Amino acid sequence: MKLPFHIVQLLKGKSGSDLRQPSDCEFLSLDIESKTGVHIGSTTLKRLVGFAQDERTPHVSTLDAIARYLGYAHWEELLKIEDNGNSDFDTSDEEVRSADLRPDTIVEITYLPDRKVRMRYLGNCHYQVVESLNSKLQVGDELEIQNFVLHHPLLVLNVWRCGESMGQFTAGRVSGLSSVRIL
């Protein structure tokens, strides 16, 4: 069985690997085990992402471990993405949308290993960093952010430092945001 395309894409994003070579599955195996405590062999992952032709159906525990690695409770929950056409308007209690905030609201995020960033909302999806601990973002940086979702990486659409565009920035690429608080 090969995993659906969008789930392979989620694995690529979560692991930070392009999964271009069979050997990339060894890293993915270790990453899944470190995050879930469940070992999935690299050979199994090679089958699931399409490096090996094999139509055997994996154990439910294997699929559940992949779902947990991607931030879902179990495999059936992850498959709902496919049922919804891989897009949806659902909102989550774990999501903060910039469009819902008032200017001068302070948002604090944390992510592994020990990063903390506080930013003031300026309006129109723009923020200014007011405190930065162990992050590459610096106090005074202006950020463009659509939303913050707990346990998902933060995509900063653009960072301006001293008026110069630095480009996109991703925080919590591997494990996502540990916390999102409105202060």
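Biologist: How do helix 2 and helix 4 pack, and at what angle?

Modeller: Keep in mind that this is a predicted model. To read a packing, you look at the angle between the two axes and how far apart those axes are. Here helix 2 and helix 4 (residues 60–69) pack at about 80°, and their axes are 9 Å apart.

Biologist: Okay, so what do I call an angle like that?

Modeller: Angles from 65 to 115 degrees count as roughly perpendicular. Helix 2 and helix 4 are therefore roughly perpendicular to each other.

Biologist: Which residues of helix 2 and helix 4 meet?

Modeller: From helix 2 you get Leu 28, Asp 31, Ile 32, Lys 35 and Thr 36, and from helix 4 there are Ala 65, Arg 68 and Tyr 69. Sort the residues of this contact by class and you find four nonpolar, one polar and three charged.

Biologist: What about helix 2 and helix 3, at what angle do they pack?

Modeller: Helix 2 (residues 24–36) and helix 3 (residues 42–49) have an angle of about 110° between them, and their axes lie 8 Å apart. That makes this pair roughly perpendicular, helix 2 to helix 3.

Biologist: Is the crossing of helix 2 and helix 3 left-handed or right-handed?

Modeller: Right-handed, as helix 2 passes helix 3. On the helix 2 side, the contact is made by Cys 25, Glu 26, Leu 28, Ser 29 and Ile 32, while helix 3 brings in Ser 42, Leu 45, Lys 46 and Val 49. By class, that contact has five nonpolar, two polar and two charged residues.

Biologist: Let's zoom out. How many helices and strands are there in the chain?

Modeller: Count five helices and nine strands. Reading from the N terminus, the order is α-α-α-α-α-β-β-β-β-β-β-β-β-β. For overall dimensions, follow the C-alpha trace along its principal axes: the chain spans about 55 × 30 × 25 Å.

Biologist: And pockets? How do I even spot empty space?

Modeller: The general idea is to roll a probe the size of a water molecule over the atoms, which shows where empty space is left. In this structure, the second largest pocket has a volume of about 210 Å³. It is lined by 14 residues, and the closest to its centre are Tyr 111, Leu 112, Arg 115, Thr 170 and Gly 172.

Biologist: Which element gives the largest share of the lining of that second largest pocket?

Modeller: Strand 8 (residues 164–171), with three residues. As for classes, the lining of this pocket has six nonpolar, five polar and three charged residues.

Technical notes. Residues numbered from 1 in each chain as written. Predicted model: local features only at pLDDT ≥ 70, side-chain atom pairs only at ≥ 80, totals over all residues. Heavy atoms only, no water. Axes fitted to C-alpha atoms, helices over the stretch in contact; angles between N-to-C directions. Helix = DSSP H or I, 4+ residues; strand = E, 2+ residues; numbered from the N terminus. Parallel < 35°, antiparallel > 145°, perpendicular 65-115°, else oblique. Left-handed = near helix turned anticlockwise from the far one by under 90°. Contact = heavy atoms within 4.5 Å. Nonpolar A, V, L, I, M, F, W, Y, C, P; charged D, E, K, R; others polar. 1 Å grid on protein atoms, 1.4 Å probe; cavity = no way out; pocket = protein on both sides within 12 Å on 5 of 7 lines; lining within 4 Å. Points joined across faces, edges and corners; volume = space filled by probe spheres on them.
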